[in-house]
There are 2 protein chains.
Amino acid sequence: MKFSPLVDELIQSLRCLPGIGPKSAQRMAFQLLERDRVAGTKLANTLAQAMLDVGHCQSCRTFTEDALCPICVSHKRGHANVLCVVETPADVLAIEAGGHFNGRYFVLLGHLSPLDGVGPEELGLNLLEKQLADGGISELILATNPTVEGDATAHFIADIARHYQVSVSRIAHGVPVGGELEYVDSTTLALSFNGRLPL
Amino acid sequence: MKFSPLVDELIQSLRCLPGIGPKSAQRMAFQLLERDRVAGTKLANTLAQAMLDVGHCQSCRTFTEDALCPICVSHKRGHANVLCVVETPADVLAIEAGGHFNGRYFVLLGHLSPLDGVGPEELGLNLLEKQLADGGISELILATNPTVEGDATAHFIADIARHYQVSVSRIAHGVPVGGELEYVDSTTLALSFNGRLPL
Ligand SMILES: [Zn+2]
Ligand SMILES: [Zn+2]
């Protein structure tokens, strides 16, 4: 025991947050106790409620406390029959920030990783296949990460989609706009050559 | 609104933690929602309880949910009449880790900083003076940080202590053991010359 039991327990509990070691947890605990009890109490309440109430969108699987997430219920998505498959809710945010995509999403919440016990079921691929079978989806854009696992997941989904009337594409990988060739890694460079387009 | 309201609120609430920006808060929220609901709920409960129940030790001012902290109630402190004044509970931990000090502490929870409205009262110096007046303290060791504010605070407390029968000292500042001279900053080096001891 380093401090009194409740203070110790608070520091220990804060370590469940990703990237927070013992020193940071201690700093957080003291800052909240010293200066921010109102914010700390608000965090406690919101966290308790979120852990209890937040589930998955029944359509796209992203996190939401409602049956459907704001994007899935929106009437402003002009290309609702185009489905973009991503790994995480943060990817949705990144694409939405771009503002160019106006379809819907399907969030895998991960990628295929048999060694970690993450198979098609964990990624909700049965739900995805049901949506393909139901019709109403004309195009599937696979925007999983350009990693070995992301690529494998994209190919796995493409194989499923082949059984349905839907066009399937993978987002392009290559030299980022504004990037300089000499600083781009060789794999990216190779992808940008393979994916070259006629001018 | 980026996600659904409760998810947004969770991400926003996590930003009350020191050093946590929007990206980290998002990562924390998703990690807790995805993999760690039990730990998240435990953190929520502990945090709520701590914000409500943790106060200050009536003797040393450190954080505790009891009237007195574990150190102040301990019967194993051989030099209970020696009081070491530090700025933060983390400083207590650092000194305790050394294992050489066996007296008690007084935790200022800050340093004098008139511009931020931190004066003698905010640092509990009336409580400290009461303890000096009550007797029972034979030595005061000032272990505030070797900063402008820490030094000013130490001198302010030393001036108070002069009215009582108590020996007052400031911890030594100098080259850390195992440190190499060439990497020590010039202020520390100057302090280590000023504080030189005969051999
Ligand atoms: Zn949705
Ligand atoms: Zn105490």
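In chain B of this predicted model, an open sheet is built from 4 strands in the order β4-β3-β5-β6, with parallel pairing. The edges are taken by β4 (104-107) and β6 (167-170) of chain B; each has a single partner strand, so one side of each is left without a neighbour in the sheet. On average, neighbouring strands of this sheet are turned by 25° against each other, direction ignored. Looking at one pairing in detail, strand β3 (residues 82-86) of chain B joins β4(B) in the parallel sense over 4 bridges, and V85(B) is found opposite F106(B) in β4(B).

Turning to chain A, the average pLDDT is 91, and 99% of the residues score at least 70. For the complex, the predictor reports an ipTM of 0.84 and a pTM of 0.82.

Chain A also supplies the ligands of a metal site: the SG atoms of C57(A), C60(A), C69(A) and C72(A) coordinate the zinc ion (ligand 1) at 2.3 Å. The arrangement is tetrahedral because the 4 donor atoms subtend angles of 105 to 119° around the zinc ion. For comparison, the ideal angle for four tetrahedral donors is 109.5 degrees. Along the sequence, these donor residues follow the spacing C-x2-C-x8-C-x2-C. Distant parts of the chain are linked by the pair C60(A), in the loop between β1 (55-56) and β2 (63-64), and C72(A), in helix α4 (residues 70-73), which are 12 residues apart. Both C60(A) and C72(A) are buried.

Methods: Residues numbered from 1 in each chain as written. Chains lettered and ligands numbered in written order. Predicted model: local features only at pLDDT ≥ 70, side-chain atom pairs only at ≥ 80, totals over all residues. Heavy atoms only, no water. pLDDT = per-residue confidence, 0-100. Donors = N, O, S within 2.8 Å, 3.2 Å for Na, K, Ca; no water. Tetrahedral: all angles 85-135°; square planar, octahedral: opposite > 155°, others 65-115°. Helix = DSSP H or I, 4+ residues; strand = E, 2+ residues; numbered from the N terminus. Buried < 20%, exposed > 50% of the residue type's maximum accessible area, 1.4 Å probe, protein only. Pairing = 2+ DSSP bridges. Axes fitted to C-alpha atoms, helices over the stretch in contact; angles between N-to-C directions.
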